[in-house]
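Here is a short walk through one protein model. Keep the picture open as you read.

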Amino acid sequence: MVQHSSSTVSTAANGSSGPSESADDDLPSVMTYANYLKLPPYSTKEIMYKKLLYAINEGQGSFDLS
């Protein structure tokens, strides 16, 4: 399962910019070539922990590095 981050909403769509109300629904993402982990602005550490564990478990075996 892949869920794209939508933690920012365009200004034209809602009249403002910045984090969306549903950032807690987003999963973390990575840029593997830069060793960079991108986290949405979660409202609590517990939600961040659960989302990270979910992403780690679901992503296992997705990449075969040689």
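Leu37 counts as partly exposed because its relative accessibility is 46%. Leu37 sits in strand E2, residues 36–38. Leaving out residues up to four places away in sequence, Leu37 touches Pro28, Ser29, Val30 and Leu52. Such a contact means heavy atoms within 4.5 Å.

A word on the model. It is predicted: local features need pLDDT of at least 70, side-chain atom pairs count only at pLDDT 80 or more, and totals for chains, interfaces and linings use all residues. Residues are numbered from 1 along each chain as its sequence is written, and side-chain values use heavy atoms, without hydrogens and water.

Now step back. The protein chain has 2 helices and 2 strands. Their order along the sequence is α-β-β-α. Both kinds of element are DSSP runs, numbered from the N terminus: helices (H or I) have at least four residues, strands (E) at least two. Of the chain's 66 residues, 14% count as buried.

Next, find Lys51 in helix H2, residues 45–59. Which side chain of opposite charge is nearest to Lys51? It is Asp25, 5.2 Å away. Lys51 is buried yet has no salt bridge. A salt bridge needs a side-chain nitrogen of Lys or Arg within 4 Å of a carboxyl oxygen of Asp or Glu. The Lys51 side chain does reach the backbone oxygen of Asp24, at 3.5 Å. Beyond its neighbours within four places in sequence, Lys51 contacts Asp24, Asp25, Asp26, Leu27, Pro28 and Tyr42.

Conventions: Buried means under 20% relative accessible area, exposed over 50%, partly exposed in between (1.4 Å probe, protein chains only). Lys and Arg count as positive and Asp and Glu as negative; His and the chain ends are not counted. A polar contact is a pair of N or O atoms within 3.5 Å; within protein, one must be able to donate a hydrogen and the other to accept it, and residues adjacent in sequence count only if both atoms are side-chain atoms.
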